[in-house]
Amino acid sequence: MDDSDLHLEIAPALLLFLPASRRRPEQRVAWDGTSTLGHVIESLGIPLPEVGPVTVDGAPVEPSHQPAAGERVRVEPMPRPQPVPLEPGQTAPRFLLDVHLGTLARRMRLLGLDTAYHNDMDDPSLVVQANAERRVLLTQDRGLLRRRALWLGAHVRSSRPDDQLRDLLERFAPELSPWTRCTACNGLLASVDKTAVAAELEHGTRDNYDVYGRCADCGQVYWRGAHGDRLEEIVQEALRTVAAARNGSAAGGVPTSTGAPGTP
């Protein structure tokens with residue numbers, strides 16, 4: 001290390017992206033004289049979609065900044081809630097999840113979030129769909145987030161779906177519309193008369209429930225079954241999490257899901 005090194009201070013929320021052997025806030029990085037600051041940050045293992053404000057000697061700069069030897073750089077995480085550009089008439093971001101996030105996708109659909117998910121799509125195809133439909137790509141693949149063509153992505157923290165959902169809601173604080181989407185295919189639900197679906201129901205279901213919905217896309221029939229109370233807990237906790245995120249305060253946990261048909 002010499003005077004040509006860059007001195008980086010990494011915010012605690014970004015340390016998880018660093019290799020365990022280098023997981024400390026203060027970093028000295030040898031600079032080659034040509035790389036942009038964004039390239040230097042990514043060389044540490046931090047995907048740029050996770051990076052928020054960056055300052056050099058206290059002054060804000062862009063990732064395209066060409067650093068100079070000896071500069072002191074502060075790297076902050078993406079601010080929360082993170083703003084996402086919305087199209088006219090759109091009230092919440094649209095999302096696309098990679099192959100490993102199927103349970104999270106179902107929970108997001110339960111909350112009414114427009115959530116595309118495929119269990120057989122490769123990385124280039126995910127980027128193409130995310131860009132074409134202006135969906136935020138959610139993934140735990142850091143390499144996928146580093147693809148230059150991707151318009152907007154986010155790293156999903158934790159391996160537990162309840163923690164993943166809470167993190168997502170705290171990050172984006174999206175407008176929620178619970179019970180409006182099919183958890184199986186993401187289609188919109190419409191109320192349907194009991195007589196119209198009676199032939200598709202088990203005898204006990206017909207006797208005990210009177211309110212039904214049907215997915216306009218795949219035809220799946222929904223009702224508030226035995227697990228309805230637990231799912232309602234998930235919904236109410238999600239609403240509280242979003243409200244807390246918008247108020248800048250900490251939010252509580254999200255209960256785990258149950259195994260009701262067609263639900264998370």
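This note comments on selected side-chain contacts and strand pairings in a predicted model.

1. Salt bridges, overall. The model contains 22 salt bridges. In general, side chains of opposite charge can pair when their charged atoms come close. The points below take up several of these pairs, together with one network.

2. A bridge between two strands. Arg-72 and Glu-26 form a salt bridge in which the closest N and O atoms are 3.9 Å apart. Arg-72 belongs to strand S5 (residues 72–77) and Glu-26 to strand S2 (residues 26–30), so this contact ties together parts that are 46 residues apart in sequence. Both ends are partly accessible: the relative accessible area is 47% for Arg-72, which is partly exposed, and 45% for Glu-26, which is also partly exposed.

3. A bridge within a helix. Asp-163 and Arg-166 meet through their side chains in a salt bridge, with an N to O distance of 2.6 Å. The two residues are three apart in helix H5 (residues 161–172), and therefore about one helical turn separates them. Asp-163 and Arg-166 are both buried.

4. Two contacts of Arg-224. Arg-224 forms a salt bridge with Glu-232, where the closest N and O atoms lie 3.9 Å apart. The charged end of Arg-224 also sits over the ring of Trp-179, at 3.7 Å from the ring centre. Arg-224 is partly exposed, with 45% relative accessibility. Glu-232, at 24%, likewise counts as partly exposed.

5. A salt-bridge network. Four residues, Asp-114, Glu-133, Arg-135 and Arg-181, are linked by salt bridges into a network.

6. Aromatic pairs. The count of aromatic pairs is two. One of them joins Phe-95 and Phe-172 in an edge-to-face arrangement, with 5.6 Å from centre to centre and 70° between the planes. Phe-95 lies in strand S6 (residues 94–97) and Phe-172 in helix H5, so the pair ties together parts that are 77 residues apart in sequence. Phe-95 is buried at 0% relative accessibility, and Phe-172 is buried at 5%.

7. Strand S3 and its partners. Strands of a sheet pair through backbone hydrogen bonds, either parallel or antiparallel. Strand S3 (residues 51–56) runs antiparallel to S5, to which four bridges join it; within this pairing, Thr-55 has Arg-74 of S5 as its bridge partner. S3 and S4 form a hairpin with two residues between them. In the turn of that hairpin, Asp-57 has a positive phi of about 50°.

8. The open sheet S10-S11-S12. Which strands stand at the edges of this sheet? Three strands form an open sheet in the order S10-S11-S12, with antiparallel pairing. Strand S10 (189–192) and strand S12 (221–222) are at the edges, and each has a single partner strand, so one side of each is left without a neighbour in the sheet. Two bridges join strand S11 (residues 212–215) to S12, and these strands run antiparallel. Arg-214 stands opposite Val-221 in S12.

Notes: Residues numbered from 1 in each chain as written. Predicted model: local features only at pLDDT ≥ 70, side-chain atom pairs only at ≥ 80, totals over all residues. Heavy atoms only, no water. Buried < 20%, exposed > 50% of the residue type's maximum accessible area, 1.4 Å probe, protein only. Phe/Tyr/Trp six-rings, centres within 6.5 Å; stacked < 30°, edge-to-face > 60°. Lys NZ or Arg CZ within 6 Å of the ring centre and 35° of its normal. Pairing = 2+ DSSP bridges.
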